[in-house]
Amino acid sequence: MKSTDGSLDLQNWTAGIPGKENTIWENAIYPITLSFPNDYPAKPPKVKFPTGFYHPNVYPSGTICLSILNEEQDWTPAINLRQIVLGIQELLDSPNPDSPAQEPAWKAFGKDRSNYEKKVLEQAKKYSA
Amino acid sequence: MKGLLKSTFTKKKKKQDNKYFDASDRMDMLTMTEDGGWKDLGHGGHNESSKITSLEPQIENQNEESKIDKDEELDVEGGSDFEFESDVEFGDEEIDDELFEEEYRNVSDNSEQVFVQQESPILKVDDGTKVKTSLLFKSHTTKDLVKQMSQQCRNLGDILQLDEGDVINLLQYYSWNSDRLIEAYVDNPQAVKKKVGLASSTKVCQHKNKKTYKNNSFECFLCCENRKYTYSLSCKHEYCIDCYKRYIDDRLNTGKVITCPECDLSLTTQDIDAISGEGESIKLLESSIKEYVERHIMYKWCPSPDCGIIVEVSNLADIPHLLEKNEIPIVLCDHGHQFCASCLYENHSPATCAVAKKWVDKCKDDSETIKWILTNTQQCPKCRTSIEKNGGCNHMTCKKCRQEFCWICLGEWYRHGTSFYNCSRYEEKDKNVKQVGKKKKIDADETRESLKRYLHYYNLFSVHEVSTKLDAKRCAQVEEHVRLLQETSGISWIEAQFLVESANTLLNARRVLKWSYALIYYCNITRYLDIYESIQDDLATAVEGLSKLFEIEDPEEIVRAKLDFLNKSRFLADRQNAMLSCTKDLIETGTLPTKL
């Protein structure tokens with residue numbers, strides 16, 4: 001995990017999530033940004049992939065749809081950064097088709113798995129380590 | 001449980017009867033109530049202590065009631081019912097009651113016997129217009145309801161042998177559906193407890209929740225600072241008391257069970273009180289009220305903005321019968337707002353519930369759109385699609401049917417030949433073009449006629465809605481006027497009441513007028529409608545007449561205009577009653593179709 005630009009903004013972090021080995025996500029580091037609101041840890045940080053990231057549970061804006069990152073759902077102040085990044089890494093290869101956030105990846109994941117895998121591998125190449 | 005409810009049923013009815021005889025009686029009673037400690041009014045607005053003059057019997061009556069109310073669980077002596085009846089003076093209401101009872105005898109076959117025996121209450125609203133209702137109801141403030149909820153929790157706690165705090169959590173989890181909770185709990189108590197996150201059944205595990213560290217030696221995991229005072233549940237997840245308090249504050253008004261930040265163990269009311277201070281846990285119940293009211297259909301929120309009164313309707317089963325007879329189940333909240341217990345809109349008489357519902361739905365989705373369409377578009381002469389002009393040229397081509405036409409005369413474009421734009425001339429040489437265009441235009445107009453009709457009534461409706469708000473503003477100043485009158489003209493409080501009464505008459509009549517436009521929209525055009533519309537015109541004139549009087553600012557002039565006020569509001573009330581009473585004819589003559 002690296003902190004940001006020269007001025008060291010403690011509320012905005014960037015980090016890389018390595019894809020798990022032996023999955024279609026392997027051999028790549030996916031960049032994320034974490035922005036911590038002023039009332040963190042009462043409110044969860046906003047975690048984003050780059051815009052247009054291909055994953056069923058990532059919004060077109062790149063925002064990640066994960067219950068532990070949702071204030072109304074499972075976020076509690078006791079969730080630490082380690083749990084967040086591990087959660088995201090876990091989410092990469094085990095998407096939740098019940099809460100889709102973007103259409104292309106979700107549709108492909110459900111109906112056209114080979115196309116889905118092809119797209120993911122392309123993306124992995126793009127972010128290859 | 002059921003048997004108990006029935007035994008208190010009669011008493012409750014009596015209470016209702018007493019409550020709504022007459023506006024003045026009612027006000028006195030409310031004040032009495034405060035004296036007798038019978039019911040916490042909670043909100044202001046009934047500060048009429050100067051009004052109580054005599055009415056000894058009612059005071060006694062009220063005290064007796066308060067007594068009964070306190071030991072509601074006990075049996076009441078058989079005689080008390082009769083005492084109520086003999087004590088209360090019905091006055092001229094008696095005739096109405098009889099009439100009313102006769103009217104309702106037919107319906108009450110399947111309702112309980114008590115219902116037939118008791119006098120149907122007649123709401124007498126402040127403006128002197130009578131609103132009939134056979135609903136039995138009672139207003140609650142949110143405070144009352146919280147008390148009731150906590151009572152329910154205690155009762156349930158006795159049944160399930162649990163703490164009140166635990167029961168609150170369980171009920172929150174089960175959305176205040178106590179039947180479902182009992183069913184699930186009896187089936188498998190341990191599973192339910194685990195699901196909700198209650199501490200395990202071995203209740204006392206002597207865990208010390210509050211701890212104090214010397215030299216601030218505790219490092220809180222949440223704020224990463226060294227702290228002195230901490231709190232933890234039996235799961236031993238420990239946080240500084242400030243973080244815990246913030247955490248609870250964040251979640252207290254969600255109405256959901258609050259758990260330990262790290263695991264599923266839930267905080268009970270005792271924990272919340274211990275962390276956030278005594279009495280904080282009441283917020284937990286308050287935040288659940290919404291869910292509670294939604295779950296229990298006998299409770300209805302008063303739809304008036306910021307009113308916050310919850311009306312409990314005890315004979316819900318009668319509402320369908322009323323609706324069948326095209327009557328409106330009106331209830332009155334303690335702040336004097338009338339509303340329909342079925343639609344949950346304001347009192348929408350003379351419009352029936354079906355009309356009101358259809359009208360509101362219609363207004364919700366199309367009014368503004370239709371207005372825009374009518375002013376900004378024309379219909380394609382061929383396929384009748386609404387077309388908005390997006391450029392200056394009058395040579396239009398319909399996107400849908402490719403029809404080419406002239407925007408000005410709506411005639412086919414090619415008929416213009418080479419003499420384009422001649423159609424704008426007043427005397428048209430090429431009569432053929434004009435006639436074709438005219439005919440098309442008439443067709444298009446016909447299809448738009450219904451839209452225009454709707455818009456006509458919608459405009460009237462919304463104009464009166466706006467006026468009602470403005471009138472309400474003006475009438476709100478009436479209190480101030482009354483005070484001024486007392487100071488400057490030296491007239492007594494009771495003499496200045498005409499102003500308050502007129503204000504109420506005005507507001508009610510305007511509401512009736514407003515909804516009558518919605519009603520007429522759905523009517524077929526018959527000769528009865530003509531009569532109805534002329535009555536409506538009368539009402540509108542009367543409304544404006546009285547409304548104008550309220551523009552007088554000068555107190556002395558108001559006093560001089562007193563007779564005018566009285567006459568006009570009397571006239572208005574008469575007109576309003578006339579309107580309401582002939583609404584029935586509309587239905588009977590089939591002017592208002594039974595199927596909308």
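**Exercise 1. Find which strand of chain B pairs with strand β4 (residues 210–212), and in what sense.**

Step 1. Look across from β4 of chain B: strand β7 (residues 229–232) of chain B pairs with β4 in the antiparallel sense, over three bridges. Strands here are DSSP runs (E, at least two residues) and helices are runs of H or I with at least four, numbered from the N terminus. Two strands pair if DSSP finds at least two bridges between them.

Step 2. Pick out one bridge: B:K210 has B:Y231 in β7(B) as its partner.

A word on the model before going on: this is a predicted model, in which local features need pLDDT of at least 70 and side-chain atom pairs count only at pLDDT 80 or more, while totals for chains, interfaces and linings use all residues. Residues are numbered from 1 along each chain as its sequence is written, with chains lettered from A and ligands numbered from 1 in the order in which they are written.

**Exercise 2. Follow β7(B) to β8 (residues 238–240) of chain B and describe how they are joined.**

Step 1. The two strands run antiparallel, joined by three bridges. Within them, B:S232 is bridged to B:E238 in β8(B).

Step 2. Now inspect the connection: β7(B) and β8(B) form a hairpin with five residues between them, and B:K236 in the turn has a positive phi of about 65°.

**Exercise 3. Work out the strand order of the open sheet of three strands in chain B.**

Step 1. The order is β3-β10-β9, with antiparallel pairing. At the edges are β3 (137–140) and β9 (299–301) of chain B, each pairing on one side only.

Step 2. Zoom in on β3(B) and β10 (residues 310–313) of chain B, which pair over four bridges. B:F137, for instance, is bridged to B:V313 in β10(B).

**Exercise 4. Compare B:Q161 and B:W176: is each buried or exposed?**

Step 1. Start with the backbone. Most residues other than glycine have a negative phi, and most peptide bonds are trans. Phi of B:Q161 is near 60°, and B:W176 has a positive phi of about 60°.

Step 2. Count neighbours. B:Q161 is exposed because it has 8 C-beta neighbours inside 10 Å, whereas B:W176 is buried, with 23 other C-beta atoms within 10 Å. The cut-offs are 20 or more for buried, 12 or fewer for exposed and partly exposed in between, with C-beta atoms placed from the backbone.
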